[in-house]
Amino acid sequence: MAQKPSIPKGTRDFNPEEVSKRNYIFNTIKKQFEIFGFQPIETPSFENSSTLMGKYGEEGDRLIFKILNSGDFLSKVDDELYTAKDSTKITSRISEKALRYDLTVPFARYVVQHQNEIDFPFKRYQIQPVWRADRPQKGRFREFFQCDADVVGSDSLWQEVEFVQLYDAVFSALDLKGVTIKINNRKILSGIAEVIGAQDKLIDFTVALDKLDKIGEEKVKIEMLGKGIPQSGIDKLQPLFSLKGSFGTQIEELKSILNTSEEGKKGIEELEFINQGIETLGLKTANLQLDVTLARGLNYYTGAIFEVAAPEGVKMGSIGGGGRYDDLTGIFGLKDMSGVGISFGLDRIALVLEDLDLFPETVTNTVNVLFINFGDAEAMVSMKAIKQLRDNGVSAELFPDNKKTIKQFNYANKRNIPFVVLLGESEMHSNTFTLKNMKTGDQESLSFDEMLNALQ
RNA sequence: GUGGUUGUAGCUCAGCUGGUUAGAGCGUCGGUUUGUGGUACCGAAAGUCGCCGGUUCGAACCCGGUCUUCCACCCCA
């Protein structure tokens, strides 16, 4: 055997069974998106670098796959730049395009570019692959699918309520019960930072706070101190570390912490509105949980922040995330356009469903009936019957080669084909079909119409 | 990007402290007179032991690099 070919790290091939399973998830999500009134769009797999660079922070820029210019790209690099070996500067000269990193920024670009054709509020969904030059881990790939639903052009909090409902609807439809939808609000985080005198260190503060359940209270405090947050401020945070209980009790606790911060109070109001909406409307299988340590996507989120955790006992990073971004289209020059959206991590959801064995048995499509090949004369008659079966919506096929019957039966077994038709010399003469049920082993001699009836 | 980990037939793995022609199970293919299967029996094919280089009389095994796997950090779906 020659040297084995391979695929780049963090990418995957999908076999027929895997594709079927993934399509099942896609279709379920898509159906709910449409039921909720979202419309599909697609954007190119690569964008101008200038569209993407700088939108995800320094870390994000590093993880964007850059596409090398065509032609003699080095000719644009002068000797001085070349000798300096400054990767960042050289990159901007030799690469002007980059692979899509997420679906939100391209969507913002889309909205700005097509603002005159769009009827606002615009509810769009988008299911496409994205690429990140990350180091792969379990559930972390360099090419993966995101399923995004966003609304732009409305700052109504009913949208947030709707997105919580949408998460619940999708995960319920997938029979993935007990997911936790965590919610937080950027304004609360800003408010806390304000109260403890660390407005200018919001990101450092939240990054540290985000690690609370992972590294514990003490280490979080140490990290905050290290980032220059004063001890007096950290002391004020004390009630936050022991924040527990229901949505309502946590809100009360937050009110007392944030009573001096206007922004913080605004955040609390927003959370209460969303929570009240959800309490009244109810959720099918998901739980909504306030989590003040949740701090994702702060580079652009301005209000609500969402993250979905798999049901307890499943070891997996978040399977969904999202939030409100008042200023997103602002970076592309369109002011005062508020947006809010959520994302489903298809690949991780697939891993979780696999883990919990939640895929329906019927997801894998296989042909319904295989005709055994006994030679060209018989095959011709078989093909006529197959053509009629197909015209009637029955998936059927002929084994292409006149191999030993035992081989043909083995093939049917391996492909999980439920029915086999034997059409040999005697059937040809009597104008009948011997239909065998491969599960039960039963077989009977039928006319075409009887066979069609049995297979439909 | 940092630190660690993994890599032997299609798949899952074995291979003792480096020593002659690298093994097993499953799968594949062929056969048990090409009209009946998923279970039986017989037989066969299949590996530059991830790749490159080094140490050694000799390396799947030791050393270095590189790629890959998985994990932690970072970040994130």
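In what order do the strands of the open sheet of 8 strands lie? The order is β1-β5-β6-β11-β10-β9-β7-β8, and the pairing is mixed. At the edges of this sheet stand β1 and β8 (287–290), each of which pairs on one side only. In general, strands of a sheet pair through backbone hydrogen bonds, either parallel or antiparallel. Strand β7 (residues 180–185) pairs with β8 in the parallel sense, over 4 bridges. Within that pairing, Lys 182 stands opposite Gln 289 in β8.

The model is predicted, and its confidence values come before further detail. Chain A has an average pLDDT of 89, and 99% of its residues score at least 70. Confidence in chain A is highest in strand β1 (residues 39–40), at a mean of 97, and lowest in helix α4 (residues 79–84), at 76. Where pLDDT is low, the predicted coordinates should not be read in detail. For the complex, the predictor gives an ipTM of 0.83 and a pTM of 0.88.

Chain A is divided into two parts: domain 1 comprises 16–45 + 100–355, and domain 2 comprises 366–455. The C-alpha centres of domain 1 and domain 2 are 53 Å apart.

Another strand pairing is found between β15 (residues 433–437) and β16 (residues 443–446), which run antiparallel and are joined by 4 bridges. Here Lys 436 stands opposite Gln 443 in β16. The two strands, β15 and β16, form a hairpin with 5 residues between them. In the turn of this hairpin, Gly 441 has a positive phi of about 85°.

Asp 336 is in the loop between β10 (320–325) and β11 (339–345). The phi of Asp 336 is near 55°, which is a positive value in a residue other than glycine.

The last topic is aromatic contacts. A pair of aromatic rings is described by the distance of the centres and the angle of the planes. With a limit of 6.5 Å between ring centres, the count comes to 17 aromatic pairs. Why is the pair of Tyr 167 and Phe 171 stacked? The ring centres of Tyr 167 and Phe 171 are 6.2 Å apart and the planes are at 20°, so the pair counts as stacked, the cut-off for this class being under 30 degrees. Tyr 167 and Phe 171 both belong to helix α7 (residues 158–173), and because they are 4 residues apart in it, about one helical turn separates them.

Note on methods. Residues numbered from 1 in each chain as written. Chains lettered and ligands numbered in written order. Predicted model: local features only at pLDDT ≥ 70, side-chain atom pairs only at ≥ 80, totals over all residues. Heavy atoms only, no water. pLDDT = per-residue confidence, 0-100. Pairing = 2+ DSSP bridges. Domains from an automatic or database assignment. Phe/Tyr/Trp six-rings, centres within 6.5 Å; stacked < 30°, edge-to-face > 60°.
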